[in-house]
Amino acid sequence: MTNDAQTQIKDTVTANDVVLFMKGTSDAPQCGFSSRVAGVLNYMGVAYKDVNVLADEAIRQGIKDYSDWPTIPQLYVKGEFVGGCDIITEMTLSGELDQMLEQNGVTYDKDAAEKIREANA
C-alpha cells in the first residue's frame with residue numbers, strides 16, 4: 001500500500017465526523033452491503049462523507065490495510081473504525097449506533113432510528 005493512500009485515508013477519516021468507504025456513492029451504491037449501510041445513514045439523516053473505493057484501487061486496497069478489515073463497506077466515526085455491514089446492522093437494531101453517534105456529537109434522527117428497529121422487530 002502506498003503512503004499516499006494511507007495519508008489520504010487518515011486525512012479523510014480525521015477531517016470528517018462520519019465517513020463511509022463504500023462501493024459506489026451514497027446516491028448510487030454499487031453493492032448490496034454498501035447500499036444497506038448508506039441506506040441506514042441516509043434514513044437516519046446522518047451527514048457523512050462517502051468515499052467510492054471503486055474509483056481508486058489504491059484506496060480500495062488501502063482501506064482494508066488501514067483498518068485491518070477485509071471487506072467494504074467500512075464506517076468510521078470520529079476517526080475510529082466502527083465496522084462493516086453486519087456490525088452496523090446489528091448496532092442499528094440494538095441501539096448501539098444511536099449511542100455511539102450521541103457520544104460523538106453526531107446529529108441523527110432518533111425517530112427514524114426507532115422506525116428501523118420497529119420495522120425489524
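Reply: Two strands pair if DSSP finds at least two bridges between them. Helices (H or I, at least four residues) and strands (E, at least two) are DSSP runs, numbered from the N terminus. This is a predicted model, in which local features need pLDDT of at least 70, side-chain atom pairs count only at pLDDT 80 or more, and totals for chains, interfaces and linings use all residues. Residues are numbered from 1 along each chain as its sequence is written, and side-chain values use heavy atoms, with hydrogens and water left out.

Me: Which residue in E2 is the bridge partner of Phe21?
Reply: Strand E1 (residues 18-22) and strand E2 (residues 49-52) run parallel and are joined by four bridges. One of the bridge pairs links Met22 to Asn52 of E2. For Phe21, the partner in E2 is Val51.

Me: What is the handedness of the β-α-β crossover from E1 to E2?
Reply: A crossover is right-handed if, with the strands pointing away from the viewer, the path from the first strand over the helix to the second runs clockwise. Between E1 and E2 the chain passes through helix H2 (residues 32-43), and this crossover is right-handed.

Me: Which are the edge strands of the open sheet?
Reply: The open sheet has four strands in the order E2-E1-E3-E4, with mixed pairing. Each edge strand pairs on one side only, and the edge strands are E2 and E4.

Me: What angle does the direction of H1 make with that of E1?
Reply: Axes are lines fitted to C-alpha atoms, for helices over the stretch in contact (heavy atoms within 4.5 Å). Angles run from 0 to 180 degrees between N-to-C directions. Helix H1 (residues 3-15) packs on the sheet and touches E1, E2 and E3; its angle to E1 is about 140 degrees.

Me: Is Asp68, with its positive phi, buried, partly exposed or exposed?
Reply: Most residues other than glycine have a negative phi. Asp68 is not a glycine, yet its phi is about 60 degrees, and it sits in the loop between H3 and E3. Buried means under 20% relative accessible area, exposed over 50%, and partly exposed in between (1.4 Å probe, protein chains only). With a relative accessible area of 69%, Asp68 is exposed.

Me: What is the omega of the peptide bond from Ile72 to Pro73?
Reply: Most peptide bonds are trans. Pro73 lies in the loop between helix H3 (57-67) and strand E3 (74-77). The bond from Ile72 to Pro73 is cis, with omega near 10 degrees.
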